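Me: I have a structure open and would like to learn how to read it. Could you take me through some features, one at a time?

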Amino acid sequence: MSPFIPTYDAVMRPTRRHFLGTSALGMGALALRHLVPDASAAGEAVGMHFPAKAKRVIYLFQAGGPSQFETLDPKPLLRERHGQDLPDSVRKGQRLTGMSGNQSRLPLAGSFTEFKKYGLSGVEYSDIMAETGAMADDICVIRSMHTEAINHDPGITFFCSGSQIAGRPSMGAWASYGLGSMNENLPAFIVLVSRDATKDQPLYSRLWGSGFLPSEHQGVQFKAGKEPVLYLTNPEGVSPHARRGMLDALGKLNGVQRASELDPEVDARLAQAEMAYRMQTSVPEVTDISGESKETLEMYGESVSQPGSFAANCLLARRLVEKGVRFVNLFHQGWDNHGGLPGGIRRQCKQTDKPAAALIKDLKRRGLLEDTLVIWGGEFGRTAYCQGKMTKESYGRDHHPRCFSMWMSGGGVRGGHVHGATDDFGYNIAADGVHVHDLHATMLHLMGVNHERLTFKFQGRYYRLTDVHGHVVKPILA
Amino acid sequence: MRIALALLILLYADVAEADAPVSFNRDVRPILSDRCYGCHGPDANKGRKAGLRLDELTGATKELKSGERAIIPGDIENSEMVRRMLSTDPDDIMPPPDLNRPLTKAEREVLIRWIKEGAKYEPHWAFVPPVRFEPPRAGEGWARDPIDRFVAAAASKAGLSTLPETDRATLLRRLHLATTGLPPSPEETDAFIADKSPDAYLRRVDALLASPRAAEHQAVAWLDLSRYADTWGYTGDKPMFAWPWRDWVLNAIRDNMPYDRFITEQVAGDLLPDASQSTRVATAFSRIHRMTFEGGSIAEEFRQDGIADRVATTGYAFLSLTLDCAKCHDHKYDPISQKDFFAVAAMFGDLDENGLLDFHGQPPPPITRLYQPGEEAKEKELIAAVREAEALHGLSVNGIRSSAPLTDVTVPAPEAHYPFESLTKVGTDNAVTNGKPATFERSRGDQLGQVELCEGVQGKGLAFDGDGGLMLAGLEKYDRFTPFTFSAHMRLGEKNARATLLHSSGFYSGEGDASGLELLITEGRLRWSAIHLWPASAASIETSQELPISRWMRVTVTYDGSSEASGLRIYLDGKPVTTKVVRDTLDAPFRPNSLELGSRSRDSGFRNGRMDEVKLWRSALTAAEVAVEHGIKAGSLDDATVADHRLRREHRPWIDSYAKLVGARRALNDHQIKAPAFPVMRTSKHAPPTYVLTRGEYDKPDRTKPVGPGAPEAVLPWDPSLPRDRLGLARWLTHPKQPLTSRVLVNRVWTQLFGQGLVTSGENFGLMGDLPAHLEILDTLAADFVSGGWDVRALMRRILLSATFRQDSTPTKKHREKDPANRLLARGPVIRLSAETVRDQALQAGGLLKERFGGASAQEHEPYRSVYVFRKRTAPPDDMLIFDAGSREICQPKRLTTNTPLQALVLLNNPTFVSAANSVARRAQTAGKDIDARISYAFRLLCGRTPGADELSALRELHRQRREEFAADPVAAGLVLGIKAAPPPADPPKGNAAKEKKAGPEKKSQPAAPAPPPPGDPDIAALSLVASTIMASDAFVTSR
């Protein structure tokens, strides 16, 4: 039972921190080493798990939980049974939120929208998603999404980080950690939040945080306006020329330090200051849309001229991926239509349908769609039954995690395809359910990453975006 | 195949002859735990594959179902484990390919040698109590403390030598930053250099450790661990009133509270024999986890989340154990069962609490009141006055003996009476003269349901569908002290599991978020309550019998305004019914809201129910009045009822003493509610029992597995003399034999002073954690720490005085190559400063820092120390995040250190740093007579040392160029220095301006364009950019 004394070798195993210190920029090939935990010790060759179909991702997050019934999942039966109670045999005692869970009745609500078939593939979209429908042959609709959370905060946290528990890295942070950046002048993970949205639930920076991953992987929010990135602009009176001079002096200071300390961290620090300097030019360049053609601007719709609108952000997302940004996460709020759903969702679609469709079109004609994955969807769907007041013209729907719809396009996804199905009431999954973990696994797969091998050891455990779950949804792969 | 394997094994066997024996702890366990324990470890449930466990000898050597033995000590040819490790068949090889972590050749060698040498297991180092080690003979002439001898010995074994003491300026800056997080001033540095006395350094150490600044710096790591913040987190993220707890931490550190007491007050300050306001405040450690009020949330789900958070935080903060890994199943690596997790959960689930925050964000009960000095004594006086008034009131019963039958009882007129004879779009009439009708509230338009007229008891009545209800408008609000009576004829159409009959709780966001009067049916029984916040602050009673269904009955409830459950009564058909007390803890006012009948948003209403002849009184009717109101003859009442009525209505002494009692209670209430409410731990007999939750899911308690309070006994067996509560847990955590607590603290202090711990995985001392670089130092310090009375300051002092801490940190090439991460400590510490220190250092260098000790949190732009910056959990301060601080949503045992471009942007462009650079420039301008002296002074302010010749020349050149430009463009210099233009002349009257605008092109009469900013001094502006550049440099953000 005598305590042991560790040897020199035992404590000298290369530590991750030291390892990262030599690859401070997180550039492609170097960052790839992260894919293999302790790769040097395992003596394995470093490389991608398999070729990537999608080099970049644009995730159009629709916060609040868009209703599938008015958009992507037609249910004629609900119209027939409008006002009749949801049969217990369908609900099967599954939990409801505290908002409608105590209603004495759960009357079914038929959609006010009309559905029709689009494209050669004939996939059905509602009339408030007609622009998206026009791109049907490039889109894969998933009608059998499901999640575990029933409230916004846990739900959106789950989608953004693969866990309802706070403190896990976000999707984009994982992508940045695993794949690094393809542009030395811009962050690998950029976040855009719509300014023109109805803000029913607030969004928070932790949804794009790096969790336990090094903070260099956290999403950088680009805001509309004079200073797109926090503290990007030189203080008043400091010209770019003066700043250059400061950086040159900084290089000398750090060079002196480096020479005496032999510390690679000093180099890393200088490299980061230089990147900051480059961002001061590259960010205003990439956010300036004045060079876009009139035709392009019109394609995204009128509101593209309002900085920070969903339309403007879709256009900006295209410009960012064009420059090699790895992961762009847009957030658009306002889908939480507990009451007065018809008016609410009509407004949502008016803001988002055309720009989202334009994004696909624009990427496609520039040859970017084939290796850019676009994802559209919220944190859960909505109930088949009405919450609150029900009239001829209006109704509401509560949160529904058991089935809902999303769509994906480009980046190795099968266009003109519908995956999964719900029952006639749109209450339960009838075929081919896709869990949040499955979506994440598939997304990573398309990016050339085996989701089981993208890990980070933290507090004694190997963590993944997909926890210990997730299956790649093969039928939707092109 | 077999032959090939045998050859392969022989190959390894040869290797095995070569070296010294392998050590299980050092060489073998890290491999086994990383690759094998996930399936063949301590998790006894579904996790274990093939019935094999490799974490202990018996399991590893037993005969398996296959007939094989994984390990036969000393026999590598026949140990199945060896065969499987060396197999090339993907279905056969271990670990399986899908683990994605194959064994290296070197690792296979280690395992095979270990088996060959007899497969000797050893207990995990961190679970064996620490002992002092005899220091080796090493480091003569250099060592100042036994710990230095261990360092010197290890260094020389690795072919390195320790380094001499660093220069005075560097040493002083290192010491200041490590202890207080603030740099020394150039004057302090000069004085230290000039002080040649042998105890100069020691005196600085003692002075700094005793300063309040040291507490402000050292508290930060604890605030990370305890996930202290200023908001509750989650959607909506309401402000959380928690800074008094943060001040408790600051005070405890400033006063050098012994660490065992520091733990005990936080874990169980409410249960201490000498509990005080201060020790109760300390227990908020377990209450400041995140809480949500998001509508529709399920209270039990979030109550369980809160408890799990307390357990996880306890695991990390005191033990560096990942207890949270055992919530859903037995721990995969450490000997912690799922039952152990819930035993600790039972410790922290001892509250009577709602898992949800109320919509208004009030401090969730249980609470304590934060009194200023003297106010607590005043409360005691007022409580005594209430007790005295109660006693006098009790005595006032004396003297009344008449039980002569009552011939007549006059029931007071009701305040409102709704006969439900008509129903319009607006609502229904009130029969009381000038009484306001009951109405559908406007927002009720959102409701699914309706109320309808139906056949009633007298004429028509009202039928409820469970969703629709009525607001009883126009009444003065009922508060905690208003006596009240509600009476209605009711008919239940079903046995309602839950139905709201009457409430005054206003906006209701979900379960238990009720504040006010509330009459419910729960499981067919009537429940009548007066609530501040459910459940820990409420008076509530419930009928023993279920209500009859499908017949009309008269329900009457009264409340006497006493805040006591005994002041609540329930009558059926004019007669009192048997009730039991559900809660009797009402200790705060409720929110005054209108009464609503038959429904509540987001709650179940009176489905299938009917009501008629609803009446309200602003007084508590006596039992006799209730009976007579129902039509029972006064003459037929029993003696007790009669006596009670006479007492309350006729007996002057009773009436007078009751008024005095009410007055005393109000006075107490008024005094109490002036003091802020603060959430604390308080054990309650109402706390729900703890069960193992299947897969950790809140709605799957395994009722066959009730769990009592306990601790993970594989770490340290429970001492049966300890109470099975949080106080017992605190004693267990600080037990002299507890192997983890002292080591974890020593490692945390070491991390603060050296930038990395002796155990680099400071957050995990379990089997998956890293090995300590210097176990002898860790254990010697830990053992001395416990025997020395858990004195944290003495521990710090000892380390700071060591030769190891004082070493030069500049490595030789050999040091850099042999020990890049300085694990051996053969050179001084290098630390990238924390987010807080980087900001505080800039403020201090600029002379901008405003100092105070404790108090409410401040906004980011205010120049207070960063420990006081307001922390919003869902949107933490940007500077903090960018420099690697966390969100404080959950316990954070360790921060990573990264380099990002955003850090450079903060240092160069963030207004706080820009204004600090300006101030540094102004100070330097006056401090030096020539430019070299000024630059040098700025450098000293920021980096604590004089710049070298190359550094100075680079900065001189920068200054020269910038100065030239600013001389040519003095306005730019003014902008850099933030010189504000004089305020423009007052605007002409608005009317005029508007007119002029309309009038057309005469622009000259428009309000003048803002004057160009005044010019600035080119020297100082250039110096400011020099200061800014220094701040962005490695020398500023690093302690060396």
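Reply: Happy to! Keep in mind that this is a predicted model. Let's begin with domains: in chain B, the C-alpha centres of domain 1 and domain 2 are 71 Å apart.

Me: Which residues of chain B belong to domain 1 and domain 2 in the domain assignment?

Reply: The assignment gives residues 2-122 of chain B to domain 1 and 416-637 to domain 2.

Me: Next, helix packing. At what angle do helix H30 and helix H31 of chain B pack?

Reply: For a pair of helices, look at the angle and the distance between their axes. Here H30 (residues 911-927) and H31 (residues 931-943) of chain B pack at about 130°, and their axes are 8 Å apart. Angles from 65 to 115 degrees count as roughly perpendicular and those over 145 as roughly antiparallel, so H30(B) and H31(B) are oblique to each other. Their crossing is right-handed.

Me: Which residues make the contact between H30(B) and H31(B)?

Reply: From H30(B), they include Val920(B), Ala921(B) and Ala924(B), while H31(B) brings, among them, Tyr937(B), Leu941(B) and Leu942(B). By class, the residues of this contact are eight nonpolar, one polar and two charged.

Me: Now the two chains. How many residues of chain B are in contact with chain A?

Reply: To read an interface, count the residues on each side: 101 of chain B are in contact with 79 of chain A. Helix H32 (residues 949-968) of chain B gives the most to chain B's side, with nine residues.

Me: And how does that side of chain B divide by class?

Reply: The side touching chain A has 38 nonpolar, 36 polar and 27 charged residues.

Technical notes
Residues numbered from 1 in each chain as written. Chains lettered and ligands numbered in written order. Predicted model: local features only at pLDDT ≥ 70, side-chain atom pairs only at ≥ 80, totals over all residues. Domains from an automatic or database assignment. Axes fitted to C-alpha atoms, helices over the stretch in contact; angles between N-to-C directions. Helix = DSSP H or I, 4+ residues; strand = E, 2+ residues; numbered from the N terminus. Parallel < 35°, antiparallel > 145°, perpendicular 65-115°, else oblique. Left-handed = near helix turned anticlockwise from the far one by under 90°. Contact = placed C-beta atoms within 7 Å. Nonpolar A, V, L, I, M, F, W, Y, C, P; charged D, E, K, R; others polar.
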